[in-house]
Amino acid sequence: MINQNFDEWIRSLYFPHNNIFILIILSFVILISVGLFAVILIHNQKLNNKLKVVLLSISFIFGGIILGGVPNVVLVIQHIFADILFPNRLVSLLIRISIFLGLTLVFGRIFCGYVCPLGAMQEMASMIRFKPKFDYDRKFWKKKNYLRWGFFIFYAIASMIWGLEATLFMNPINGFLIYWTPLNVVIFIAFIIFLLTMLISIFIYRPYCRFSCPFGALAFLFGKVSPLKIRRTPNCIECGICEKICPTLEGFDISEKGECYYCYRCIDFCTNEMFIDTGKIAQINRLLTTYSLDFDSISKDKYFDQIIKSIIRLLIPYKRSRALEQFNDALNNKKDMSQEAIQNIVIRLRTIFPKEIEQFNLSNYKNWIIENESRWKEKIEPIHLDKLFYGLKKETQ
Ligand code: SF4
Ligand code: SF4
């Protein structure tokens, strides 16, 4: 049974413990900080899996458990449609939703990616698996917008006809309130939908966000025009991994990124940025996922080889600087380098090792490249050749 005083009940849904004012303010400050940290870490390419889980867990604990599913942008949208005929009530609701859409317009979908408690839970569930084939079925996903806008219209009509009270159960973010109102039938049904969403999230990336969230549908449009997007740098070697790894198929050079949740997979898996998350488990996870992508058999063999080596490295000390040492040895003609080490170090030399590169004599390096041209040409794919002197010209000219 829903409380008799419906307005009061709705207010209590927004803030189930509105008497703990300090806690609410503190939680909001923490949630805003999570969003800001995520933006800073992602755009400086400093995020890793551990930090990602920490940020998502904070949103889950503060926005989900402590505040009971706040910010609940879906509830605001349901409320707008339910009150569409009452302009005096609409103003504050429209201001609220405009703030979240405005944030999306400026920062892209960072709110959906890291602050929304339901988005955070779906993201964590998606990190359990490597790469379900379903997410990469392009023909299927092309049609998903029909579903999304179909649900949006359904939400709108249902809220207008039946009112907010009768449609609250359709919003799985309300499921977080199970902790505060465990005996409420409406909340219980929303909680069941929440649990189902979590289960499906293991197999399909963010199903609620991408199929049925009404805020997600609007944020998709605003995210497209946001200026802050993950973009390829001029160092891109067009290896195509980001296109294959992106669970929303937004990894292409021309993608508008309306569906980009800043999941960070494209940056983490980029062959050009191979040292971003150096944790041994993260490396193995990355290799297993890459292996499961549809590469040709030669690449598959290469990745299989790396997976075995990485598992062995779990047992022995392994330093990030190993590749740099190899490069140093190669410069001094002590050792031959692997094709992979050559490609990655030369292409990203100055970015990966901004301090260490100062130790090298750059004219030696340039001479070494020229003298060993036949070795480079044999080992480097044609597409990488023009990057041979990357970062070097400015220093030596
Ligand atoms: S799309 Fe909806 S459920 Fe998903 S993160 Fe954004 S607001 Fe939350
Ligand atoms: S992999 Fe796709 S969704 Fe994730 S950050 Fe990159 S472009 Fe965005």
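User: Is Lys144 buried, exposed or partly exposed, and why?
Analyst: This is a predicted model. Lys144 has 14 other C-beta atoms within 10 Å. A buried residue needs 20 or more, and an exposed one has 12 or fewer. The count for Lys144 falls in between, so Lys144 is partly exposed.

User: Which helix holds Lys144?
Analyst: Look at residues 144-167. They form one helix, and Lys144 is found in it. That helix is H9.

User: Which residues does Lys144 touch, leaving out those up to four places away in sequence?
Analyst: Start with Arg210, which is 66 residues from Lys144 in sequence. In space, their C-alpha atoms are 7.7 Å apart. Contacts here go by C-beta atoms within 7 Å. On that test, Lys144 touches Arg210 and Phe211.

User: Which residues have the most contacts inside the largest nonpolar core?
Analyst: The largest nonpolar core has 65 residues. Beyond four places in sequence, Tyr114 touches residues including Val34, Leu55 and Tyr262. The residues with the most contacts inside the core are Tyr114 and Tyr262.

User: How many residues of H4 are buried?
Analyst: The buried residues of H4 include Val73, Gln78, His79 and Ala82. H4 is largely enclosed by the rest of the structure, because its buried residues number 10 of 10.

User: Which helix supplies the largest share of the shell around ligand 1?
Analyst: Helices H7 (117-126), H11 (207-212) and H12 (214-225) each supply at least two residues. Among the residues around the ligand are Cys112, Cys116, Cys209 and Cys213. The largest share is 3 residues, and it comes from H12.

User: How many charged residues does the shell around ligand 1 have?
Analyst: Sort the shell by class. It has 9 nonpolar and 2 polar residues. The number of charged residues is none: the shell has no charged residues.

User: Which residues come nearest to ligand 2?
Analyst: There are 13 residues around ligand 2. By class, they are 9 nonpolar, 2 polar and 2 charged. The nearest are Cys246, Cys260, Cys263, Arg265 and Cys266.

User: How many helices and strands does the protein have, and what percentage of its residues count as buried?
Analyst: The secondary structure comes to 22 helices and 0 strands. The protein has 397 residues. Of these, the share that counts as buried is 33%.

Technical notes: Residues are numbered from 1 along each chain as its sequence is written. Chains are lettered from A and ligands numbered from 1 in the order in which they are written. This is a predicted model: local features need pLDDT of at least 70, side-chain atom pairs count only at pLDDT 80 or more; totals for chains, interfaces and linings use all residues. A residue is near a molecule or strand if its C-beta atom, placed from the backbone, lies within 6 Å of it. Ala, Val, Leu, Ile, Met, Phe, Trp, Tyr, Cys and Pro count as nonpolar, Asp, Glu, Lys and Arg as charged, and the others, Gly among them, as polar. Helices (H or I, at least four residues) and strands (E, at least two) are DSSP runs, numbered from the N terminus. Two residues are in contact if their C-beta atoms, placed from the backbone, lie within 7 Å. A nonpolar core is a set of buried Ala, Val, Leu, Ile, Met, Phe, Trp, Tyr and Cys residues joined through C-beta atoms within 7 Å.
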